[in-house]
Amino acid sequence: MRRTIVIATLAITVAAGLATPGLAFESTIDTTFADNGVYAVPKSQIAYVAADGATTIVVVTKYTKHGTVATVRRLDASGQPDPTFAGDGKAELTSVKSFDVQSVAIDANHNIVLTGQTADSISVVKLGANGQLDTGFAGDGIRTIKGRSLAATDAVTDSQGRILVLVLDIDFKSRKFQSDALVYRLLPHGKFDPEFGNDGVRRIDRLPDDYGAAITVDQTDRPIITGGGFRRSKAWVTRLTQPKGRLDATFGTDGTTVVGFGAGVSAAGLDVAVVGASITVAASTVTEDPHRTSLAGFRLTGAGQLDPTYGNGGKAYFPTAAKTEIYGLFVDADGAVISGGHRRIDRSTWVPLVGALTPDGVPDAQIDATGIADIAVGSKLADARSFTVVGGQIVASIWDFSSQPGSSVVVTRLGTPAP
């Protein structure tokens, strides 16, 4: 999915039930959503989507000459702005200067937690269900995390309302490139949790060039993290104990499981969900010669072993066509892996894509025989970047480069709405 530092992952869902083998998605646009199937935000660059029950949360970033501006929007089940949210369905975070959002999480009380970069730090911003900053969190709704060269990659809330923030820590002063994953845990009021790790932070140092891409929690609030490495690498999954945040020795080997996809193929876990007693990971693979990114997934048992009933021996992988790039990955509550990106026809024509693996780890034939299909939004230069699932339908955010002046964000819903 990514070859850059900042990796965005969206809503992470924990489900108590088992996967539904028959679940399948569609790639056709649902024209009952928003304006003939499309909710457009002009003059915007990046959007993340997340599910909040029957509604969709859209976090939009605009880059202006005065700095980065983040806006949170809530759409109702029909794709229209929800007037109960911030008065008109839109909350502009003007008080958070130059806020470049990298993740969005929603807790059980419909509070919205955003993490991302500001000028010289990481900011964690909490909004109430009404779209207003939660002043019970850090006094003004904003908690700042400072340190070395940090980059936020993901966040999740647990059953106690605590916020776990996954951060990339890079040591540029070292003679050799050194990176680690850090997990911060914040209490519901915004203070660092002194019971977790070392004064609220746990460092995961598996390899010299590790990065953590996604984090979730299981039914007992144990943190589960997945990621990869910046050099040729394999995907990894780590589970921490609750409440201290130590490496869980009952999982994998000393708390970590490493999964590869063959010689000459680099892999990274980029989203993760707990489904019943299993852990499903959405991964991307990169083949360098020829260069190609592909959709992949794997499923682990609760002990951190590959689940042989999933895909082929626990892993699912299929190469995408030439000139296809995979960027967005998401695991839904049933364990389906959803992916997207673009298919390049020529320099001025990129067709946005959606693909999926079923909860059993096979290409979703209802999307297409290959498991991946075009999204016909009408743009000649677009890239699908973020996904969630609302009411059994895929909701996708698409970065439309063909809009003039500048780019825009398009949110669309795919498939036939439930009766």
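This is a predicted model: local features need pLDDT of at least 70, side-chain atom pairs count only at pLDDT 80 or more; totals for chains, interfaces and linings use all residues.
Good morning. I begin with the largest cavity, whose lining is made up of Gln-45, Ile-46, Ala-47, Arg-385, Ser-397, Ile-398, Trp-399 and Val-409. Two elements each contribute two or more residues to that lining: strand S3, residues 46–52, and strand S28, residues 393–400. Of the elements, S28 contributes the most, with three residues. In total, the count is two cavities of 30 Å³ or more.

Let me now turn to the chain as a whole. The protein chain has 29 strands and zero helices. Its radius of gyration is 20 Å, close to the 22 Å that the globule rule gives for 419 residues, so the chain is as compact as a globular protein of that length. The C-alpha trace spans about 50 × 50 × 45 Å along its principal axes. Of the 419 residues, 58% count as buried. The accessible surface comes to about 16300 Å², and carbon and sulfur atoms account for 53% of that surface.

Setting aside residues up to four places away in sequence, Val-390 touches Ala-51, Gly-53, Ala-54, Thr-55, Thr-56 and Val-395. As a reference for distance, Val-390 and Phe-318 are 72 residues apart in sequence, and their C-alpha atoms are 26 Å apart in space.

The next residue is Gly-415, found in the segment after strand S29, residues 408–414. Is Gly-415 buried or exposed? Its relative accessibility is 6%, so Gly-415 counts as buried. Which residues does Gly-415 contact, leaving aside its neighbours within four places in sequence? They are Glu-26, Thr-28, Asp-30 and Gln-393. Gly-415 and Gln-132, by comparison, are 283 residues apart in sequence and 33 Å apart in space, C-alpha to C-alpha.

Asp-307 sits in the loop between strand S21, residues 291–300, and strand S22, residues 315–318. With a relative accessible area of 10%, Asp-307 is buried. Beyond its neighbours within four places in sequence, Asp-307 is in contact with Ser-278, Arg-299, Leu-300, Thr-301, Gly-313 and Gly-314. Asp-307 and Ile-57 are 250 residues apart along the chain, and 33 Å separates their C-alpha atoms.

Pro-243 is located in the loop between strand S17, residues 235–239, and strand S18, residues 256–259.

Asn-36 is not a glycine, yet its phi is positive, at about 55°. This residue is placed in the loop between strand S1, residues 14–15, and strand S2, residues 38–41. Asn-36 counts as exposed, because its relative accessibility is 55% and the exposed class begins over 50%.

Asp-221 is likewise a residue other than glycine with a positive phi, here near 70°. Asp-221 lies in the loop between strand S15, residues 210–217, and strand S16, residues 223–229. Is Asp-221 buried or exposed? Asp-221 is buried, since its relative accessible area is 5%.

To close, I return to the cavity and to the chain. The chain around it has 29 strands and zero helices, and 58% of its residues count as buried. Thank you for your attention.

Notes: Residues are numbered from 1 along each chain as its sequence is written. Side-chain values use heavy atoms; hydrogens and water are left out. On a 1 Å grid over the protein atoms alone, a cavity is a set of points where a 1.4 Å probe fits but cannot get out, and a pocket is an open set with protein on both sides within 12 Å along at least five of seven lines; lining residues have an atom within 4 Å of a point. Grid points are joined across faces, edges and corners, and a volume is the space filled by probe spheres set on the points. Helices (H or I, at least four residues) and strands (E, at least two) are DSSP runs, numbered from the N terminus. The radius of gyration is taken over C-alpha atoms; the globule rule is 2.2 Å times the number of residues to the power 0.38. Buried means under 20% relative accessible area, exposed over 50%, partly exposed in between (1.4 Å probe, protein chains only). Accessible areas come from the Shrake-Rupley method with a 1.4 Å probe; for residues, only the protein chains shown count as cover. Contact means heavy atoms within 4.5 Å.
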